[in-house]
Amino acid sequence: MVRGARQSQQPRSRLAPRLSGTVEKPPRKRKSRFLKQLLSDTGDEEILKRRLSPPGVFVISGDRWTEFTLKETMSSGGAEDDIPQGERKTVTDFCYLLDKSKQLFNGLRDLPQYGQKQWQSYFGRTFDVYTKLWKFQQQHRQVLDNRYGLKRWQIGEIASKIGQLYYHYYLRTSETSYLNEAFSFYSAIRQRSYYSQVNKEDRPELVVKKLRYYARFIVVCLLLNKMDVVKDLVKELSDEIEDYTHRFNTEDQVEWNLVLQEVAAFIEADPVMVLNDDNTIVITSNRLAETGAPLLEQGMIVGQLSLADALIIGNCNNQVKFSELTVDMFRMLQALEREPMNLASQMNKPGIQEPADKPTRRENPHKYLLYKPTFSQLYTFLAASFKELPANSVLLIYLSATGVFPTGRSDGEGPYDFGGVLTNSNRDIINGDAIHKRNQSHKEMHCLHPGDLYPFTRKPLFIVVDSSNSVAYKNFTNLFGQPLVCLLSPTAYPKALQGQMLSETSHCLSST
């Protein structure tokens, strides 16, 4: 999972119903592709190709509109000529906004995965259209119910898309306040039972929409450490999957069960539970709280360098994960964030929230999340971060990956002689004869060697290596005299000590 762009910018239209969502991976097993599509921003594309509105009302093709005869009624019993012009225009305008919102939303997958310019204006346009669509369906609900046949699950679908927009805006900006916005929409869907009637319709694609909504909601709650809500959602999702597989003879039953297994394993692995003095369980957060910032030592000067960008890379074999987020990546991304802004009190407030003033300073460093990237993918994102790193800023590289050890003996002690950490590779090469025929005097191709990072030491760099071969980076050379820190995990842990040992260091760096 790779999300993100450099600069934080508020969307031009802040949506909130106050009803009160990649580095392209090499081919993987079907279950992984299924879950990736499940949680992607365009995972419902095939479903969206189906006609969601009542048959015979409007057919939309791109920007061309063809109005078909109204099949005797538009849910109310009147003939086409009896439809008032104003109500006809209301339905036409709603269909236009609905189609436009789908086009913009599906276009999210074509946005560049790195960089700061192209995606911001596109997100702004998408937010604007969804703002208009949401207000429009609120203002004309009765006409749309009578003439268009608007169903509650369709309203829920709009709210779900808005929640995904906020979630992906969080991924691109690293601002946790947008997670709260996504939670608000997802929570409102659940509280108002927008998908409650879906199970009564004999349409499996609608039930899949509901299941995908649950999976996305679980991800947001995990990132917000709302573990009680997560457990309730998992129970509801399990019941929905059981009902879905019982009613429909579908081919994705195994995949949905694997989704449940992944999230159950993730919940069991994290968060870490701590016992108080009175033996009560406390769920800890890895995020930096206002009162939890480490104190500076006497004489330290604040503001010389600040953490601006981070690459969080996960490529460990057989590690607990949900979608494309491993436990290590999950903990580290939270360690580089401050607690979300206090928006919880507004979650149930009806209406559209106005845009907030643009912050003078980004609260959290920007992050790219790379799950099992190839070497070329990793280098591409690393080069993009390096290029856009502001002055007086630090780039952090977190490597949680399987160690790659040198093959054979080497007489040298250079930056390519001790191995490194694993990067992904083409499966055909792994399973083919190329690996077996490789000369042992050659270096491992699918490996990030310490020497591969030397060009990026031209700017301040903070490297964290969490690997069985972290020792390969022990003698990392500072060639250009820029600030450089290389923090290595131990190659062996005491039996009584488990889990991450690097969070406090990340807190110290992110608070500077």
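This is a short walk through the predicted model shown above. Residues are numbered from 1 along each chain as its sequence is written, and side-chain values use heavy atoms, with hydrogens and water left out. Because the model is predicted, local features need pLDDT of at least 70 and side-chain atom pairs count only at pLDDT 80 or more, while totals for chains, interfaces and linings use all residues.

First, the overall picture. The protein has 512 residues, and 52% of them are buried, meaning under 20% relative accessible area with a 1.4 Å probe, protein chains only. There are 15 helices and 14 strands; these are DSSP runs, H or I of at least four residues for helices and E of at least two for strands, numbered from the N terminus.

Next, the interior. A nonpolar core here is a set of buried Ala, Val, Leu, Ile, Met, Phe, Trp, Tyr and Cys residues joined through side-chain atoms within 4.5 Å. The largest such core holds 89 residues, and Tyr167, Ile218, Leu222 and Leu223 touch the most other members. Helix H8, residues 204-223, gives this core its largest share, 13 residues. Take Leu223: leaving aside residues up to four places away in sequence, its contacts (heavy atoms within 4.5 Å) include Tyr167, Arg287 and Phe330.

Last, helix H7, residues 177-191. Why call H7 largely enclosed by the rest of the structure? Because 13 of its 15 residues are buried. Ser193, which follows H7, has a positive phi, near 55°.

Definitions and conventions. Buried means under 20% relative accessible area, exposed over 50%, partly exposed in between (1.4 Å probe, protein chains only).
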